[in-house]
Amino acid sequence: MMQATLIAPLRRLAWPALSTRQRAGALLLALLLAFAWLVPLWHDADPARQQLVRILELPTLAAPLGTDHLGRDMLARTAAALRLSLGMALLSVVTAAVPGILFGVIAGWRGGWLDRILGSVADACLALPGLLLVLLLVAIAPGNFWALYVGISLVLWIEYFRVVRARTRVLVASPQLEASRLLGFGPLYLFRRHLWPELAPQVLTLAAFGAASAILAMAALGFVSVGLRPPTAELGLMMIELLPYYHEAPWAMAQPILALFVLVFSLNLLAGKDPR
Amino acid sequence: MTSLTLSRSSPSRWRSGLRGLLLQRLFQAGLVAWMVGTLTFVLTRTLPGDMAYRIAAGRYGHDMVDSAAAESVRAELALDQPALGAYFGWLWDLLQLDLGRSLVSGEPVIHELWHQLGHSLGLAVMAVLLSLLLGPPLGLLAGRKPAGTLDRVSEVAASVLRALPPFAVGLLLILLFSVALGWLPAAGHGRFAHSVLPSLTLALALAAVSSRVARNAMAEVSQSAYYAFSHTKGLGSRLSFLRHGLRNAALPVVAYLGVQFVYLIEGVVVVETLFAWPGIGHALVHAIVARDVPMIQGTALVMGLMFVALNTAVDLICHWLDPRRRET
Amino acid sequence: MSHPLLQVSDLTIHGDGVTIAPFSLSLASGQRLTLLGETGSGKSLIAQAIMGTLPQGLTPAGELGIDGTSYAAADVAARRTLWGRRLALLPQEPWHALDPTMRAAAQITESHRHVAGLAPGKARQATQHDLAELGLEDAGGKLPGELSGGMAQRVAFAAASAGGAPIVIADEPTKGLDAPRRDAVVELLARTPQAGGALLTITHDIDVARRLGGEVVILRHGQVVERGPAERILEAPQTEYGRHLLDAEPSRWPAPPRLASAPDATPVVAARGLAKSRGGRQLFSGLDVSVLPGEIVGVVGPSGCGKSTLGDMLLGLASHDAGEIQHAPGHRLGLQKLYQDPPAAFSSHWRLSRLLDDLVQRHRLERAAIVPLMERLGLDERLLARRPGEISGGELQRFAILRVLLLEPRLLFADEPTSRLDPITQQQTLSLLVELARERRCGVMLVSHDPALIARLCDRQLALEENAEAASRPSAKAEPVSLA
């Protein structure tokens, strides 16, 4: 009888309350998302289609943001590059957050040998600076989106693990958890009512910062020509491709820089706190 | 001597806990070597079949390449041996610091690394010093008056800088100082003027973060009970700041430097490439493009070890600054 | 008779929803005055206004006379130069007031050096002298994190008074200290008037006020309720609030209802030969303890002697090294605990109604039982719409009692449940707890630092000794309380 409700269903998990700054970031991010995914609906230019007769054109009705050095439509390319960056960010954040939180809670809750093993694995992943690890993986499979993605996720999960583990350790030893345990509540209830409300804001911050670093890492690799390969529309790649034409077409070169800036800026706003 | 009088402590006290700290970093260095070795070994195994030919062609010229040359490359990478044995052979070479020869230039890797390391270290040290000159003092000033004008302005500047990747900052600096104003060279190496823009690029990114860390640390210290007590017991603002503010605010800033070195290493890769600075990062990118495995291994190893060394330095400074670390 | 050392005329404080009515005082050499009041009475604000350390948003007005010189209360800058030299402030919570990264001796030396203006060598000598005088010979080389609360208080006292200020303001100097340490601090404070200085103490502890003597001012909501010599005010207060406040002193509490059960009833918990060591240190051994249904057993002993650990062992939260523990038969929810810091025992993110619903659903409790119990505990139903941080500590602790009692516990371990509450709230909370425990035949173990409280409420007491002696003595048995 008593055991019937021992495992409380994981009903609603509370969302963290957002500050004004975070709301502004979320709004900006939503606008970028809308831009990136809505552009193809009403502007059907192919981001890869070259038109060598109309290179580096100023914005026109046909190409609202102009064309690049190969006559490709800048609006379509910028939107495509944003989709790529956001997709990569989302994918790597999810793959990093899920195991990071899971292992963090387990290590912080259980402690002992399990904690030590997971902690050592995390330390090992951090021994090399993140980008170096990603670079080595990319060297193994050049130009491959998945190599990039695995590398970035491998670096990102540790941050979740560490933060969640540290917080869980403190909470597990706290009177509030002990009190609920004495009152007969099970582990899922303890997670939902005690752990998650404390962890959620930190997870959001980490996710936003993680997404920003994933985007920056991909752009950096593209910029030094070891990331994704042309003709992919990718922000870093677009910058380095358009660099020689900064004099003739400054507006073209400004676009990927501006897009990357707004994207990362909105994510930093969403993260809320200063890094610490 | 009124400034920063550190609590007097005997040498033995200072040394306590130091061994564990250094051992830990030594272990990390070993781990770095193993990871780099393993990943580059996997890299040799995934090279496409005609790689030995292509590398040989790259090294000796297309006309000179023959199967003998390709064989020598194959032998160099141990492509003809069974995987497990080759793996241990690979690690054994690494352990003896035998990094082999570059597949592109044919020079011993260690030779090339030696030059590049000097250039990269110079750049990194200059960038860190410059960032320390810019960031923490600004942060300390801002933190003494939270929500003041300086705090607001520096926060906006830091947010903008943090949202721009180092290569974009570098690009903008080139456009401004080299192209528009013509004051400084855009790329190259040799004169002091060449190093200004790359180190400034890196320093700005570092300072954007460290100024905020310093600001938060100082704001926290100035709201602390011990800072208030230092005032009410009669020390005055100047002495309170020097004796109790500075060190306590410096601790998080220095500790955060360790985290910042990740950005520094990453920044070195892109900034060197952008400014054609002949350092390790530049070489690593070139090696990856050319698939020059021994060079990839060498450069990645040196960068990883540089990271460990910088972190060790941070540990030592924290150890010296914070007597709490020396207890227990 | 010389001029007063400290004179305050018509001091008022305004802003941020705070108003302190005009307040005046006059302290001559050798005199002392104590401001007594509960949380929110504004007693600390008066001290801060005199020092010139009021938080932003609060503005003082009025006139201060310090050592014969007159200052406007609003002119904070002028008083800064007096800090440490004429005016000394003993901070609340000395642990936090000491620089965590500087050794104790250095923090005293810098006052001698930079405030009193001694040469470096002389300053170090003066520090050694201070340390020896305060019984801190070994503490000089320690960091604040390694000091006990009492030691930190003495180090802070030495650092604050090294400048030789004749006027000492002590803001809640006994907060968080247990009874013996509290007495030591009172003795320390008494040195100032003995040496010809003036002492202004802010406290909520009536006992501290009584021991310090001199003039006492009772404050409530920023108003002076009553003032006069300590002997008169603290024996026969004239106002209703004054009487109310004094009645909240444990020695004046009404006696609790008598324990009705027969002494041979089955104990709710009985333990024999318990032993426990922690961190290589023997906390106790050969300890026997038993609690009858409805009985209140007091647990006393110095900090760190293992009182909480004993509770955790009896509740099954911690293991014991030796001995055996027997619980009366019943469901496992029969063992419950009350915590020292009520907000720490709750997740701050949920409304109380949600937490109560969780409990009802989890154990299929009768909702009908809740309302009458809430009425008994004096909990308004509207409180349920708030979160734990949004109600007072006393209310939250009573909510904790409600939650626990709904499960019909057999044994309740109350770990200093009222040490963070104001005296009046403390009395209300504890008398309710005792009453309900008697009614429901729930055994209670009540931990407290206050011997008077234990003597008043408990049927028996268990005294734990400092570890070293406890190990050699046969046992620390629960003995009947000798009612003073």
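Reply: From the N terminus on, the elements of chain A run α-α-α-α-α-α-α-α-α, that is, nine helices and zero strands, where helices are DSSP runs of H or I of at least four residues, strands are runs of E of at least two, and both are numbered from the N terminus. The model is predicted, and local features need a pLDDT of at least 70, side-chain atom pairs count only at pLDDT 80 or more, while totals for chains, interfaces and linings use all residues. Residues are numbered from 1 along each chain as its sequence is written, and chains are lettered from A and ligands numbered from 1 in the order in which they are written.

The C-alpha trace of chain A spans about 75 × 35 × 35 Å along its principal axes. Of its 276 residues, 47% count as buried, meaning that 20 or more other C-beta atoms, placed from the backbone, lie within 10 Å of the residue's own. Among contacts between residues at least 6 apart in sequence, 67% join residues at least 24 apart, a contact being two C-beta atoms, placed from the backbone, within 7 Å. UniProt, in an unreviewed entry, places the feature "domain: ABC transmembrane type-1" at residues 82-271 of chain A, an annotation that may be inferred rather than shown by experiment. That span is 84% helix and 0% strand, and its end C-alpha atoms lie 19 Å apart.

The part to examine in detail is helix α4 of chain A, residues 130-140, in which 10 of the 11 residues are buried, so the helix is largely enclosed by the rest of the structure. The buried stretch includes A:G130, A:L131 and A:A139. These buried residues pack against α5 (145-172) and α7 (187-223) of chain A, and also against α2 (18-46), α10, α11 and α12 (293-321) of chain B.

Two of those partners in chain B also meet each other: the axes of α10(B), residues 225-274, and α11(B), residues 280-290, come within 7 Å and cross at roughly 85°, with axes fitted to C-alpha atoms over the stretch in contact and angles running from 0 to 180 degrees between N-to-C directions. That makes α10(B) roughly perpendicular to α11(B), a label given to angles of 65 to 115 degrees. On the α10(B) side the contact is made by B:V268, B:V269, B:E272 and B:T273, and on the α11(B) side by B:G281, B:H282, B:L284 and B:V285.

Chain B is also in contact with chain C, where 27 residues of chain C meet 19 residues of chain B. On the chain C side, α3 (94-97), α4 (104-115) and α6 (149-161) each supply at least two residues, and the largest share, five residues, comes from α4(C).

Chain C also holds an open sheet of four strands in the order β2-β1-β4-β5, with antiparallel pairing, where strands pair if DSSP finds at least two bridges between them. β2 (18-27) and β5 (69-72) of chain C stand at the edges with a single partner strand each, so one side of each is left without a neighbour in the sheet. Four bridges join β4(C), residues 59-66, to β5(C), and C:I66 stands opposite C:T69 in β5(C). Helix α1 of chain C, residues 43-51, packs on this sheet, touching β1 (6-15), β2 and β4 of chain C, and its direction makes about 115° with that of β1(C).

Methods: Buried ≥ 20, exposed ≤ 12 C-beta atoms within 10 Å, placed from the backbone. Parallel < 35°, antiparallel > 145°, perpendicular 65-115°, else oblique.
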